[in-house]
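Keep the 3D view open and turn it as you read.

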Amino acid sequence: LYIPTCTRIPQCVAQCRLDPGLPSGNTVTSHGQAANRRGIGMTIQTIDWLQLCLGALLVLIPIGLLGYYRTGLVRDAVIALCRMVLQLLLIGFYLGYLFTLDHPGLNVGWVVLMAAVAATSSLRRNQLAWRTFWLPIFSGMLVGVFFVGTYMLAIVLTLPNPWTARYLIPISGMILGNTLQVSIIGFRTYTKLILDDRERYSYYLSCGATRREALQPFISEALQSALSPMIATMTTIGLVQLPGMMTGQILGGSPPMEAIRYQIMILAAIFVSSSMAFLIALLLANQLIFDSYHNPQAERIKAH
């Protein structure tokens with residue numbers, strides 16, 4: 001017997017037995033009717049390859065506009081779209097294997113690999129010196145994703161195995177994706193301030209401030225720049241946009257309130273992990289940026 005989406009079999013069976021309005025007989029049939037009475041979707045609208053191709057035809061509109069206005073972005077856009085499709089197909093096949101095997105070591109290793117790729121992307125986007133920034137950014141991301149992810153999976157969701165692939169990898173991916181954005185914006189702001197506003201930093205030092213005290217305004221501005229977009233998003237969430245996780249769960253048949261609870265948990269996890277990861281990376285990088293006289297070294301900041 002096939003039950004498409006609902007995983008609440010014991011609760012639904014209990015309701016089938018208690019609901020006099022349901023027909024007696026096959027328990028699975030009554031289970032489905034009980035679930036439908038509570039508004040739980042029992043089917044998922046799948047997308048086959050032909051439907052996917054039809055939907056992808058819409059990308060011809062922005063590509064045509066880019067070509068018409070001679071933006072020079074047509075080639076980049078086509079390459080980006082092809083890479084996106086190829087990468088998602090490959091990761092889909094691999095995750096299917098990973099979910100089937102569900103080995104804690106492989107699951108954790110995959111999260112570590114995602115953090116390494118995110119740290120590398122952050123450096124490339126900001127053209128930062130690898131020797132100075134890669135390890136601090138990678139360390140901050142690892143601490144953020146594993147601390148917050150373990151807390152959410154083991155304590156909040158009370159999973160018997162918080163390292164299971166079904167939960168660990170998707171949640172870690174959402175956390176790291178947003179942490180990457182915060183890292184890019186935050187370090188872009190911070191390094192620009194350090195290089196372009198040395199006089200203010202030197203003035204603070206000359207007034208008797210320690211390096212930590214002199215850097216406080218720069219760190220504050222970097223945090224404001226990095227976290228302001230996320231705070232603005234949280235302010236308008238549900239009014240301007242419906243988040244991806246919530247939408248996906250609703251399309252998958254979950255009741256709206258359950259999807260909302262998951263989304264609130266994920267947004268809290270993303271906010272905490274992004275703040276923590278960026279601040280840890282910044283404090284670690286500060287140990288390498290400055291010389292013994294507390295002067296910032298440009299060659300230690302920007303890649304050559």
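This is a predicted model: local features need pLDDT of at least 70, side-chain atom pairs count only at pLDDT 80 or more; totals for chains, interfaces and linings use all residues.

**The overall picture**

What kinds of elements make up the protein? There are 12 helices and 0 strands. Read from the N terminus on, the elements go α-α-α-α-α-α-α-α-α-α-α-α. The protein has 304 residues, and 35% of them count as buried.

**The core**

Now for the inside. The largest nonpolar core has 52 residues. Those with the most contacts inside this core are Phe133, Ile137, Met141, Phe187, Tyr190 and Leu215. Helix 6 (104–126), helix 7, helix 8, helix 10 (211–236) and helix 12 each bring at least two residues to this core. Which helix gives the most to it? That's helix 8, with 12 residues.

Setting aside neighbours within four places in sequence, phenylalanine 187 is in contact with Asn126, Leu128, Phe133, Ile137, Phe278, Ala281, Leu282 and Ala285.

**Rings that pair up**

A pair of aromatic rings is described by how far apart the centres are and by the angle of the planes. A search of the whole structure turns up 9 aromatic pairs. Take phenylalanine 133 and phenylalanine 187: their ring centres are 5.5 Å apart and their planes sit at 80 degrees, so this pair is edge-to-face. The cut-off behind that label is an angle over 60 degrees. Phenylalanine 133 lies in helix 7 and phenylalanine 187 in helix 8, so the pair ties together parts that are 54 residues apart in sequence. Both phenylalanine 133 and phenylalanine 187 are buried. Ring pairs also link Phe133, Phe187 and Phe278 into a cluster.

Tryptophan 134 and phenylalanine 138 make another aromatic pair, and this one is stacked, with 4.8 Å centre to centre and 15 degrees between the planes. These two both lie in helix 7, 4 residues apart, which is about one turn of the helix. Tryptophan 134 has a relative accessible area of 26%, so it is partly exposed. Phenylalanine 138 comes in at 13% relative accessibility, so it counts as buried.

Rolling a probe the size of a water molecule over the atoms shows where empty space is left. How many cavities of 30 Å³ or more does a search of the whole structure find? It finds 1. The largest cavity has a volume of about 30 Å³. Its lining is made of Ile137, Met141, Thr179, Ser183, Phe187, Ala277, Phe278 and Ala281. Of these lining residues, 6 are nonpolar, 2 are polar and none is charged. Helix 7 (130–156), helix 8 (165–196) and helix 12 (256–289) each supply at least two residues of the lining.

Serine 183, one of the lining residues, lies in helix 8. Not counting residues up to four places away in sequence, serine 183 touches Ser122, Asn126, Ile137, Met141 and Phe278.

Threonine 191 is also found in helix 8. Leaving out neighbours within four places in sequence, threonine 191 is in contact with Leu128, Phe133, Ile301 and Lys302.

| Residue | Relative accessibility | Class |
|---|---|---|
| Serine 183 | 4% | buried |
| Threonine 191 | 2% | buried |
| Threonine 158 | 55% | exposed |
| Histidine 294 | 35% | partly exposed |

**Two backbone angles to look at**

Threonine 158 sits in the loop between helix 7 and helix 8. Its phi is near 50 degrees, a positive value in a residue other than glycine. Histidine 294 has a positive phi too, about 70 degrees, although it is not a glycine. Where do you find histidine 294? Look in the segment after helix 12.

Definitions and conventions: Residues are numbered from 1 along each chain as its sequence is written. Side-chain values use heavy atoms; hydrogens and water are left out. On a 1 Å grid over the protein atoms alone, a cavity is a set of points where a 1.4 Å probe fits but cannot get out, and a pocket is an open set with protein on both sides within 12 Å along at least five of seven lines; lining residues have an atom within 4 Å of a point. Grid points are joined across faces, edges and corners, and a volume is the space filled by probe spheres set on the points. Ala, Val, Leu, Ile, Met, Phe, Trp, Tyr, Cys and Pro count as nonpolar, Asp, Glu, Lys and Arg as charged, and the others, Gly among them, as polar. Buried means under 20% relative accessible area, exposed over 50%, partly exposed in between (1.4 Å probe, protein chains only). Contact means heavy atoms within 4.5 Å. A nonpolar core is a set of buried Ala, Val, Leu, Ile, Met, Phe, Trp, Tyr and Cys residues joined through side-chain atoms within 4.5 Å. Rings of Phe, Tyr and Trp (its six-membered ring) pair if their centres lie within 6.5 Å; planes under 30 degrees apart count as stacked, over 60 as edge-to-face and the rest as tilted.
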